[in-house]
Amino acid sequence: MDSEKFNRIFWNYYSMLEDNVVNLSRYVDIRKSNFKTCSNEIISQLLNVGSEIDVICKEICTIDENAEKKMKTYSKWFINNFDDIDSVKIFVRNTDLILQPFEGWKKTKSEELPWWKAYNSVKHNRSNNFEQGNLKNLINALGALYFFEMFYIKKLDNEKGTSAHIDVPKTPSK
């Protein structure tokens with residue numbers, strides 16, 4: 001895959017998901033005091049972001065074709081291929097927030113990542129887990145997706161074995 005294809009297939013979709021969160025911030029400011037805010041719009045965005053995380057992880061992880069394609073499998077791959085993933089920090093522009101979406105990934109099971117657990121809980125049993133579709137889980141999931149996007153484009157650049165330096169998307173993150 002080249003940078004054009006990456007931008008067209010993955011980054012453009014990420015940018016759209018990010019735009020949705022930016023638009024949401026017109027109504028719910030992205031700050032810690034609003035982390036528990038939940039709504040159908042936030043749930044919709046969390047479901048879209050979580051689904052895209054699954055899509056890009058399948059692309060990134062070079063795992064056995066017969067292996068189960070789920071976060072538990074992806075987590076093993078990332079832990080083995082990225083030192084200190086649990087300490088990755090995502091700085092949220094125009095806020096004082098610093099996210100650590102993978103905090104504890106090496107110490108606990110992958111399904112214990114709060115935002116991933118929330119995504120699955122809302123997806124499979126929304127009536128009992130509506131409150132998990134909250135701003136905190138949404139922005140942490142989006143932060144994780146941002147990391148996966150950056151990881152993937154750098155992986156593609158490294159696989160090219162050239163100095164193509166496709167490791168920067170066409171348009172920057174907001």
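Analyst: A crossing of two helices is called left-handed if the near helix is turned anticlockwise from the far one by less than a right angle. In this predicted model, the crossing of H1 and H2 is left-handed.

User: At what angle do helix H1 and H2 pack, and how far apart are their axes?

Analyst: Helix H1, residues 3-24, packs against H2 at an angle of about 160°, and the two axes lie 11 Å apart. Angles over 145 degrees count as roughly antiparallel, which makes H1 roughly antiparallel to H2.

User: Which residues in H1 and H2 meet?

Analyst: An α-helix has 3.6 residues a turn, so residues three or four places apart point the same way. From H1 come Phe10, Tyr13, Leu17, Asn20, Val21 and Leu24, while the residues they meet in H2 include Ile42, Gln45, Val49, Glu52 and Ile56. By class, this contact of H1 with H2 divides into nine nonpolar, three polar and three charged residues.

User: How many residues does Helix H2 have, and what span does it reach from its first C-alpha to its last?

Analyst: Helix H2 runs over residues 40-60, which is 21 residues, and reaches 30 Å between its first and last C-alpha, close to the 30 Å expected at 1.5 Å a residue. At its start, a side-chain oxygen of Ser39 comes to within 3.3 Å of the backbone nitrogen of Glu41, and Glu41 is also one of the H2 residues that meet H1.

User: At what angle does H2 pack with helix H4?

Analyst: H2 and helix H4, residues 114-124, pack at about 115° with their axes 10 Å apart, and H2 is therefore roughly perpendicular to H4. This crossing is left-handed. On the H2 side the contact involves Ile43, Leu46, Leu47, Gly50, Ser51, Ile53 and Asp54, and these meet Trp115, Trp116, Ala118, Tyr119, Val122 and Lys123 in H4. Sorted by class, the contact of H2 with H4 holds nine nonpolar, two polar and two charged residues.

User: How do the axes of helix H3 and helix H6 cross?

Analyst: The axes of helix H3 (residues 71-81) and helix H6 (residues 135-160) come within 14 Å and cross at roughly 60°, so H3 and H6 are oblique to each other. The crossing of H3 and H6 is left-handed.

User: Which residues in H3 and H6 meet?

Analyst: Trp77, Phe78 and Asn81 of H3 meet Phe147, Phe148, Phe151 and Lys155 of H6. The residues of this contact of H3 with H6 comprise five nonpolar, one polar and one charged.

Terms used
Residues are numbered from 1 along each chain as its sequence is written. This is a predicted model: local features need pLDDT of at least 70, side-chain atom pairs count only at pLDDT 80 or more; totals for chains, interfaces and linings use all residues. Side-chain values use heavy atoms; hydrogens and water are left out. Helices (H or I, at least four residues) and strands (E, at least two) are DSSP runs, numbered from the N terminus. The expected span of a helix is 1.5 Å times one less than its number of residues. A polar contact is a pair of N or O atoms within 3.5 Å; within protein, one must be able to donate a hydrogen and the other to accept it, and residues adjacent in sequence count only if both atoms are side-chain atoms. Axes are lines fitted to C-alpha atoms, for helices over the stretch in contact, and angles run from 0 to 180 degrees between N-to-C directions. Angles under 35 degrees count as roughly parallel, over 145 as roughly antiparallel, 65 to 115 as roughly perpendicular and the rest as oblique. Contact means heavy atoms within 4.5 Å. Ala, Val, Leu, Ile, Met, Phe, Trp, Tyr, Cys and Pro count as nonpolar, Asp, Glu, Lys and Arg as charged, and the others, Gly among them, as polar.
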